[in-house]
Amino acid sequence: MNSPVPHFTPALPTRLPAVGTTIFTRMSALAAEHGAVNLGQGFPDFDCEPPLIDAVDAAMRAGFNQYPMMTGAAPLREAIAAKIAANYGHAYNAATEITVTAGATQALTTAILCCVHPGDEVIVIEPAYDSYLPAIALAGGVPALVQMEVGPRGYSVPWAKVGAAVTPKTRLIIINSPHNPTGSILRPSDIEALAGIVRGSDILILSDEVYEHMVYDGVRHESICRHPELAARSFVVSSFGKTYHVTGWKVGYVAAPAPLSAEFRKVHQYNVFTVNTPMQHGLASYMADPAPYLGLPAFYQRKRDLFRAGLQETRFELLPADGTYFQCVRYGAISDAPEAEFAEWLTREIKVAAIPVSAFYQAGKESGIVRFCFAKKDDTLRLALERLARI
């Protein structure tokens, strides 16, 4: 006779008690439920260029279907190093200083895990991309939060407050330019302020530059790679998903000096090991022509300008959008509801989905601002604008 199986209720203490379903997942689900135009989650609704698909297909047919090197396929690492040198004037060694990752989020998390020890402090500038704080928590680090200031000219970093947040325990400062969610960018004066803060210290920098090719009005992207003093202490992260309209491919990279890359790779080899082989070879081939990414500022500026012109005819107040493919707006002339409540109303009743900027703050700061994504077909943007104009 079999003995009864004892009842077991798993009880697993959570590593991330403050984390639930992301706002992006919730708003996308709500948009689908109500047939809303989804300007919430940041991904294009159009395809990449056919030659990129052809390049990946050719790589598969050429037999590039087994594990590549842990650090990334050599042709892709070499192409990345050449691109950085051509655009920003910094020479990274493709063998020892470039690592291909499973998207930018994995690169960001791995960089944090490799250098932040329990009790180390990490300065995070809010509003901030939602993966930063969970990664710091997993590493046992302590976030030191500094909030951006927002005025008539949009969002800016209060560098005096960043400097005041530095303590003997500060290990890392995370910066993001072009900035998600605000669409702001760092200028040369910002970079000089950052350099002054870390000069003479052991503080490292994690520079999230996934929107590097989406800077508008003739302004250049101030990559940390341009600044030798800062590049010497920085992990610089970018994303092919953003650059080539293939967010679902999840291929990115990190550039860092050899000593930092060595530590990064120790973690990378055990949390991912390596990345999709044919896509790496396809991307390497496609990168031989710089025109697709060099043309990206004009491509997205046209969409930005179309969307902003339409929003000017609505009751929303536009904030500057100097980079990324995001447009932030104030809605105080429409409603005094909290941001999440307003975004849900907008999705259900107006059938246009947005993201509350409060979701990018640890404590959910309310500013009466929501974020739209304009990385959409022109017809999608026009439909959204038609609906928003009815408010």
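Start at the second largest pocket, which holds about 480 Å³ of space. This is a predicted model, in which local features need pLDDT of at least 70, side-chain atom pairs count only at pLDDT 80 or more, and totals for chains, interfaces and linings use all residues. Residues are numbered from 1 along each chain as its sequence is written, and side-chain values use heavy atoms, without hydrogens or water.

A pocket here is an open set of points on a 1 Å grid over the protein atoms alone, where a 1.4 Å probe fits, with protein on both sides within 12 Å along at least five of seven lines; lining residues have an atom within 4 Å of a point. Points are joined across faces, edges and corners, and the volume is the space filled by probe spheres set on them.

Select Gly 42, Thr 105, Tyr 129, Lys 242 and Lys 250: of the 24 lining residues, these lie nearest the centre of the second largest pocket. Next, colour α4 (104-115), which gives the largest share of that lining, 3 residues. (Helices are DSSP runs of H or I with at least four residues, strands runs of E with at least two, numbered from the N terminus.)

Now move to the largest pocket, with about 690 Å³ of space. Its 26 lining residues include Ala 18 and Asp 130, both among those nearest its centre.

Finally, show the open sheet of 7 strands, ordered β2-β10-β9-β8-β7-β3-β4 with mixed pairing; strands pair if DSSP finds at least two bridges between them. Which strands stand at the edges? They are β2 (98-101) and β4 (142-147); each has a single partner strand, so one side of each lacks a neighbour in the sheet.
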